[in-house]
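Colleague: Could you walk me through this model when you have a minute? I would like to start with the aromatic rings and then look at the backbone.

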Amino acid sequence: MRAAVIPDESSGYRIEDRPVPDPDPDDVRVAVDACGVCRGDDVVVEGNPAVEYPRVPGHEIVGTVDAVGADVTEWEPGDRVGVGWHGGHCFTCDACRRGDFVLCGDKPVTGIHRDGGYAEFTLARPEALVAVPDELDSAEAAPLLCAGLTSFNALRNADAGLGDLVAVVGIGGLGHLGVAYAHEAGFETVAISRGTDKRAAAHELGADHYVDSEREDPAEALQALGGADLVLSTAPASDAVAAVVEGLGADGEVCNVGFPEESVPVNVSHLGAVRGSVSGGPSGSPCAAEETLEFGALRNVTPRVERFDLAEVGTAYRRMDDGDVRFRAVVTP
Ligand SMILES: [Zn+2]
Ligand SMILES: [Zn+2]
């Protein structure tokens, strides 16, 4: 099979021919149809002590079950499935015993601790698999498994309700879906991005307001609209997060799902004045991923994607990293 491999932390992608992997007794083999390109791939591409090289990244996988190990009873060949960031869980740590599988302390991350989806075939653990509705195109379903799930979960787990003012910072892979979900949820939706390039798309996706953060202070713009009940920050930039905290209204929350490398300076006086908070949202469980896909099929909320051949995954990654993709790159083997 063809696979896009990162040989070590100082090299980029290399296309290799590899043997098709045989599933262990508790593995499922998936013939990959599509795999989305996520910023989380940087753990492998840029280097991290958690990664054993060589590694095949990719954690927004959609495909078809092709073979199952002897102990797998839940899935069978022909099932249409997805695999996201959550590559399995141990079932025995304290988090798992509470049923909080997302916080499992021994969780293999797809494409980081085990090979992911930039290949014609990949192996996955059965508890990590997600059923994919027939209505969804593979390339459009793939980004829902990380980008979609992360935004969907953060919005539905927050306190905001119908008519509340909800802002989405950063209109990229996560953010453009965040705007669409916020609109579908009945929030008064504000898209915040640098420049005007994404203004038209943001309105098409359902934004009621657009704030160009190069021309307007986002916090002042949010206060002019009454103060935000929730800000979903997808921007991996510290200044973009810091700039919205003072835009929170009473009991408002900035939930971060894009993670700057540097720390974020936060005006805690404003948090005190409005009983506000700054929080972080993880991706989500396979069950939540399935709900994201079902909602996508129900309400026709799917990402806008640019498709790349597997051999072009390095280009797709660079364009994603430059914020140049509209709005999610997807690789097909
Ligand atoms: Zn991701
Ligand atoms: Zn566990």
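Modeller: A definition comes before the rings: those of Phe, Tyr and Trp (its six-membered ring) pair if their centres lie within 6.5 Å, and planes under 30 degrees apart count as stacked, over 60 as edge-to-face and the rest as tilted. This is a predicted model, in which local features need pLDDT of at least 70 and side-chain atom pairs count only at pLDDT 80 or more, while totals for chains, interfaces and linings use all residues. Residues are numbered from 1 along each chain as its sequence is written, chains are lettered from A and ligands numbered from 1 in the order in which they are written, and side-chain values use heavy atoms, with hydrogens and water left out.

Colleague: Fine, so how many aromatic pairs are there by this rule?

Modeller: The count comes to five aromatic pairs. One of them is formed by phenylalanine 152 and phenylalanine 295, which is tilted, with 5.3 Å centre to centre and 45° between the planes.

Colleague: Where do phenylalanine 152 and phenylalanine 295 lie in the chain?

Modeller: Phenylalanine 152 is in helix α4 (residues 147-157) and phenylalanine 295 in helix α10 (residues 286-299), so that the pair links distant parts of the chain, 143 residues apart. Helices here are DSSP runs (H or I, at least four residues), as are strands (E, at least two), numbered from the N terminus.

Colleague: And which cluster do the ring pairs build?

Modeller: Phe152, Tyr181 and Phe295 are linked into a cluster by ring pairs. The rings of tyrosine 181 and phenylalanine 295 have centres 6.1 Å apart and planes at 55°, so this pair is tilted. Tyrosine 181 belongs to helix α5 (residues 173-184) and phenylalanine 295 to helix α10, so the pair ties together parts that are 114 residues apart in sequence.

Colleague: Is tyrosine 181 buried or exposed?

Modeller: Tyrosine 181 counts as buried, at 4% relative accessibility, and phenylalanine 152 is buried too, with a relative accessible area of 11%. Buried means under 20% relative accessible area, exposed over 50% and partly exposed in between (1.4 Å probe, protein chains only).

Colleague: Changing topic, what is leucine 232 in contact with?

Modeller: Leucine 232, found in strand β11 (residues 228-233), is buried with a relative accessible area of 1%. Leaving aside neighbours within four places in sequence, its contacts (heavy atoms within 4.5 Å) include Ser151, Ala154, Leu155, Cys255 and Val257.

Colleague: Now the backbone: which peptide bonds are cis?

Modeller: The bond from tyrosine 53 to proline 54 is cis, with omega near -5°, and proline 54 lies in the loop between α1 (42-45) and β4 (61-68). A cis peptide bond also joins arginine 326 and phenylalanine 327, with omega about -15°, and phenylalanine 327 is in the loop between α11 (313-321) and β15.

Colleague: What about arginine 328?

Modeller: Arginine 328 is in strand β15 (residues 328-332) and is buried, with a relative accessible area of 5%. Among the residues in contact with arginine 328, beyond neighbours within four places in sequence, are Glu60, Arg304 and Glu306.

Colleague: Last one, which residue other than glycine has a positive phi near 60°?

Modeller: That is arginine 275, located in the loop between α9 (268-274) and β13 (277-280) and exposed, with a relative accessible area of 61%. Asparagine 300 has a positive phi near 55°, sits in the loop between α10 and β14 (305-309) and counts as exposed at 62% relative accessibility.
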